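Here is a short report on side-chain packing and ring contacts. Please have the viewer open while reading.

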Amino acid sequence: MRNFLILTLGTAAFLFGAKPQNDIRGIWLTEKGQMKVEIYNAGTSQRGKIVWMDEPTDSRGALKRDENNPDKKLRERTLMGMDILEGLQFRNGQWEGSLYAAKRGVTTDVTIQKTKEDELLITVSYRGFTRQQTWKRSSL
């Protein structure tokens, strides 16, 4: 549900879209500062892609690849620009979807809560284990 601001000046009215408080779109720095993820609209859900990495290249100077992916056909794709958050839907006061952890080559359940205007609480669940971290709003 979108919030709107209506500004009336004389006989003219202007309608401005206002960001809802639960809007998580933007660029976020992960807790350890190793990458930045841009969360963006993708149809009826939201996604998040890697837009910056502190170490984007391997020892040969080539962009790091998704070498731990269980699907051998996807192991040659680069991590930079890759979607790692998918299917994010706002339900029950939080965002729910999946997160792909390239280091381990696994996809986990994820919930995201906006705790402050510039902070997200990321909760990852996989095989009965739960881990939390805080991401901070950033820029490129």
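## Nonpolar core

The model is predicted. Its largest nonpolar core holds 23 residues. Ile39, Leu85, Leu88, Val110, Ile112 and Leu120 have the most contacts inside this core. Two or more residues come from each of β4 (35–42), β5, β6 (83–91), β7 (94–101), β8 (106–116) and β9 (119–126). The most come from β7, which gives four.

Take Leu120 from that list. Leaving out residues up to four places away in sequence, Leu120 touches Ile24, Trp28, Ile39, Ile112, Gln113, Lys114, Thr115, Gln133, Thr134 and Trp135. Ile39 and Ile112 are also among the core residues with the most contacts.

## Gln46

Gln46 belongs to strand β5, which spans residues 45–53. Its relative accessibility is 6%, so Gln46 counts as buried. The cut-off for buried is under 20%.

The side chain of Gln46 makes a polar contact with the side chain of Asn41, at 2.9 Å. Beyond four places in sequence, Gln46 touches Asp23, Ile24, Arg25, Ile39, Tyr40, Asn41, Glu86, Gly87, Leu88 and Trp95.

## Aromatic rings

How many aromatic pairs does a search of the whole structure find? The search finds one.

Charged groups also sit over rings. Lys49 lies over the face of Tyr40, 5.5 Å from the ring centre. Tyr40 is also one of the residues that Gln46 touches. The charged end of Arg77 sits over the ring of Tyr100, at 5.6 Å from its centre.

Terms used: Residues are numbered from 1 along each chain as its sequence is written. This is a predicted model: local features need pLDDT of at least 70, side-chain atom pairs count only at pLDDT 80 or more; totals for chains, interfaces and linings use all residues. Side-chain values use heavy atoms; hydrogens and water are left out. Buried means under 20% relative accessible area, exposed over 50%, partly exposed in between (1.4 Å probe, protein chains only). A polar contact is a pair of N or O atoms within 3.5 Å; within protein, one must be able to donate a hydrogen and the other to accept it, and residues adjacent in sequence count only if both atoms are side-chain atoms. Contact means heavy atoms within 4.5 Å. Rings of Phe, Tyr and Trp (its six-membered ring) pair if their centres lie within 6.5 Å; planes under 30 degrees apart count as stacked, over 60 as edge-to-face and the rest as tilted. A charge sits over a ring if NZ of Lys or CZ of Arg is within 6 Å of the ring centre and within 35 degrees of the ring normal. A nonpolar core is a set of buried Ala, Val, Leu, Ile, Met, Phe, Trp, Tyr and Cys residues joined through side-chain atoms within 4.5 Å.
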